[in-house]
Amino acid sequence: MHHIYCPYCEETREEEEYSYTGEAHIERPKDPAAISDEAWADYLFFRSNPRGIHHEMWYHAAGCRRYFNVTRNTQSYQIHETYKMGELPTITAASLDQAAPQGDAS
Amino acid sequence: MSQVNRLATGGRIDRSKPMSFSFNGKTYHGFDGDTLASALLANGVGIVGRSFKYSRARGILGHGAEEPNALMQLHTGNAAVPNPRATQVELFDGLVSGSTNGWPSVEFDLMEWVGKMGGKMMPPGFYYKTFMAPQKMWMTYEKFIRKAAGFGKLSLAPDPDTYDKINAHCDVIVVGAGPAGLTAALEAGRSGKRVIIVDEQNEFGGTLLANNQTVDGVDAAQWAQQATAQLTDMSNVVVMPRTTAFGYYDHNFVCALERRTDHLGPVSTSGSRQRLHRIRAHQVILATGAIERPLVFGNNDLPGIMLANSVSTYINRYAVVPGNRCVVMTTNDSGYQTALDIQAAGRTVVAVVDSRHAPDGRLVQQAKAAGIEIMTGHGVTEAQGSKRVVGAIVAPLDEAGDTLTGPAKTLSCDLIAVAGGWSPVVHLSCHTGSRPVWQEDIAGFVPGPSIQNQHLAGAITGDYKLSQALNAGVQAGAAAVGVESAHVFDCGDESEGAAQALYLIPHTKPVSRAPKQFVDFQNDVTAAGIELAAREGFQSIEHVKRYTAMGFGTDQGKTGNVNGMAIVAKTLNKSIAETGTTIFRPAYTPVTFGALGGRDVGVLLDPARHTAMHPWHVANGAKFENVGQWKRPWYFPQQGETMQQTLNRECLAVRNSVGILDASTLGKIDIQGKDAREFLNRVYTNAWSKLAPGKCRYGLMLKEDGMIFDDGVTACLSDQHFLMTTTSGGAAAVLGWLELWHQTEWPELEVYFTSVTDQWATCSFAGPNSRKVLEKLCTDVDLSAEAMKFMDYREGTVAGIKARIFRISFTGELSFEVNVPADQGHYMWQKLMEAGEEFGITPYGTESMHVLRAEKGFIIAGQDTDGSMTPQDCLMGWAVSKTKSFSFLGERSFSRPDTARADRKQLVGLKPIDPTVVIPEGSQIVMDPNQPIPMDMMGHVTSSYWSECLGHGIAMGTVKGGCDRMGQTVYCPQADGRVLAAQICSPVFYDPKGDHHHD
Amino acid sequence: MTNSTSTQATDIMESPLHNHVAHTNADNAGVVMSEDKFRGHLNLRGNPQDADFMAAVASVLSVPLPTAPNTSARAGDTVAYWLCPNEWLLIVASGTQGQVENALRQAVADKGGNQHIAVTDVSSAQTLVNLSGSGVEQLLQKSTVYDCHEANFPAGKVVQTTFAKTGTTICKLADGSVDLVIRRSFSDYFFLWLQDASEEYGLHIA
């Protein structure tokens, strides 16, 4: 059971209040008519599904009804940060890789 | 006194409270404070069950959660409880218990002979190898195997008890109230933070309750009582005995089962029997202790062979000595304590058999001084006996414990206490994904690194000395609340000799031919079986587990796993660290389904949502249908009517006069803002820029893949104010969908959405007389056909209530919807019924609504569509705008190759050739009924009804390329052999020109 | 309870919990429920960074809108709950919701009229229920995943969360009792749950 910090309610709440709504930062093509079937299919159906750091959207369905972003490790379920819609993550797979040699493994 | 093994003094039982109980039909006696296991042992009961696979006689091995054999059947009738461990059942007066298996009885079990004769023929994988072919016989085999294997039995009657759940939050949870847990909780509690401490036993203290050491000079058990009292006095500490933390989940979420009344009687007389606590903790302290390991030797499962520490616990805590002549088999110093305890209880210690060649710890010296015979460098290779151990065959071992070095001799005994070392209880730490790591110096697995806010204290880390555990608890408690503590306990622990890592004691015969050497008692897994699995190529420990069933089920490998892994490692010539361990899953010990269900049963299983008019529907005999969570009137039968007769009457009333439907359940979303129109343009297929105030429009909502997701009518209340309706089941999903697009892609659009589903009660009345009904109640709106056209919206006063009036139709008839604030919905409904009386106004339910809309070919999103239908597939291209500048949701997908295929399934009308036939919904559609199976499936029937006004059956269905097949005959083969033929036609069966609703 | 200043014809109105009449199933019941029926409920949307909007609303309500998450503001019969950064629930005296709605729109218009706001009457969509008594804290523990302990949930705090298998908005009051906003269609379920969950404490319907 996840315990998730809602950046709008500014509190950590139980998973029951939320629903998972898929990968974050998938932008709708600005001019769908202008792109190829392949590019449209990529937008529609293909998601990164990484093992490890994943940026994803959650919906605070039983709370403030805001969507927000979560940086979560899909293997350990550790949540590294949550951030508001429109913001960018400060922690990414790349940033953690860079930090790893100096940092500890915990 | 019939309690032959009960000591006259000592123990934590209350001899002033005698209790009687029954086991397998015989009456026995025990005392308050006993467990069922201690009481059975006190009465000299040896055999408590039969084993799972070989049906061997089994006795009590342990004294707690680790017990693999003594699974009981408790209570009778509807209170029956299958499979609790006798070691965890508190005795109460009148307790009725029995074995879960054994036929005709546990003492004389016919299946044992099958096990003996067939034992060699039942290797691991036996069931896979033997019973899989022919496959169709499996059901027959399984029935026999299940009966033979003997699980406990559930009553088929409803459980008379109630169960509930509660959510708890704390700064620190301490799991286990042994020495480490108690000091951890005391330390954390002193900080004032919120602390919960749970322990599975009725009394806090754990090993302190059966320990003859002292803590800071106080008797251990007495110290435990004092510590518990201190905790109970702290208002910030919640003390929960009889509570098992059975699962440890992500982000420090712990589930614990509290047994509230199990110890009082078979059925609770006050409140819930068990309560599931869902605990969110900032910090978790695991002080779960360790479980003693048995050793693997021939016939090591005979009744009378027990864990040494359990024997000590029975003596010291329950005043029960489970034998008269005892051999202690040990690989470490702790077995000597048991020998001393047995001697102190006045029974004979035949010998301590120690695998080590030169043990010299404090306890060894004490045993020597007490005159106990010690056989160093020896091992018990085999136990003798059939229903009870009668002797131990003992032989000398080499230093490594690998090889026998001399002749064996037999020691006569009726109890073998086995001390094979300790296994930390790492189960909970594994639940969150942490893999245990092998620690050579303690010959055991300890919890590995964890990303949870987790602390460990005591025997779980291999700190087996009492002072170590107490002090580790202090440090863990302090760390969990962010303070420092220098408190150090003194228990007078002295040095212990090193333990030997020994698991399987060699036999004169090879493992494959020696008498059965059990590893996992509950699943009947033997050393030979594990060796065979390894030889057959199962080299991963996970595969060995699944092939042999070692550590399966309720046992979760508590006693057997480490021995099994050691045998695998040895067979593969690897170290235990290399072969590794399987991990443990929740639940640590079994949890009743009742507790998992809690109060979410019966009427509380799922919320039933009611409209404001619900009491009227109930009072007027409605049958209800579930639509999402809503209870909607399905139909309103009158006395003596069949359902079809009701539907015919209801539908004809709408077609000929007037009917009334409660449409309050439709989702309603209030939309305000200057960009509301633009937003609607983007989420609907059609255009909204020019919809004038006072007008309504039907809209189709698509997902980005172009498939229909929801539909409904949206009214323009004023230029920047709209009211959207959705399907009854889709309201929450649609609101979430609108918010998703607004919040993530188009936050610049100035628009707000608010759910008003519950605000408005909606009376929909339809039929040629519907205007006349409304005219009687509403005088401030011109309701004439010219003034209020089809798809118009007006505000007005109806029966004195300010109302929103819509002229929309889902029946094909002249129809109005009156929306009033739900507080007045019941009143409005009654007023409309009164006003309509002279026209025979007829309430109708969802079933008639379905018939009426199907006669008109109107779809129901979710019934005629299934997430794979485009508007074009539903012949609704008319609802798709081709001129909007913004590429609305789903539009781009229309030109995807798959969406644009000509042979897609399309929604068409189906008219049965035999007019009396109603084709079952879901029927498959084929073109050639004589084609051999498998036939080419062309589609299926989505809606099908009897139309009383048309006098024949009608249906809608999807058919590949259906639009180009108008007039063709299709066939619907039925399971009963009938083949129902139908002609493809327009789905609009009734009033194709739409004259009626435009009247 | 609020005195009705309304012209509403309450004799033809039914509150969501109207059919659960006053009764007691235990002496000194640990849970006391009372429905504060027919209060005006308005859902308000607007931009809290817009000083004109905030000032306009404050002038109508006689109290500024709360902007800190999970807080409330109270003035007389009026209370405003923070629901999300641009959404509030206003609970006003019975029957005044129409006047307040109009006043809000007018006040915002008077400030310039271009503010993007929404006001929606949801008075019939939900009801306000007060729970008090010694059993309430445990009752809430059984019913909601939110931590309603005093340390985490002081007076004045408001949270939207789950309640059994439905949702609710809970506000802690100064007297230790809680106000719950219950959706109309779930009110029968809410009452069934309440009866069941309060059984061990006793229930009094005021």
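How many of the 206 residues of chain C count as buried? Select chain C and color by burial: 61% of them do, where buried means under 20% relative accessible area, exposed over 50% and partly exposed in between, with a 1.4 Å probe and protein chains only.

Before going on, know that this is a predicted model, where local features need pLDDT of at least 70, side-chain atom pairs count only at pLDDT 80 or more, and totals for chains, interfaces and linings use all residues. Residues are numbered from 1 along each chain as written, chains are lettered from A and ligands numbered from 1 in written order, and side-chain values use heavy atoms, without hydrogens and water.

Stay on chain C and switch to cartoon view. You'll find 4 helices and 12 strands (DSSP runs numbered from the N terminus: helices are H or I, at least four residues; strands are E, at least two). The C-alpha atoms fill a box of roughly 55 × 40 × 25 Å along the principal axes. Look at contacts next (heavy atoms within 4.5 Å): among those in chain C with a separation of 6 or more, 65% join residues 24 or more positions apart.

Now hop to chain B and select residues 527–535, helix α12. Its buried residues are Ala527(B), Gly529(B), Ile530(B), Glu531(B), Ala533(B) and Ala534(B). What covers them? Show β29 (518–520), β30 (525–526), α13 (541–548) and α14 (561–571) of chain B, which are included in that cover.
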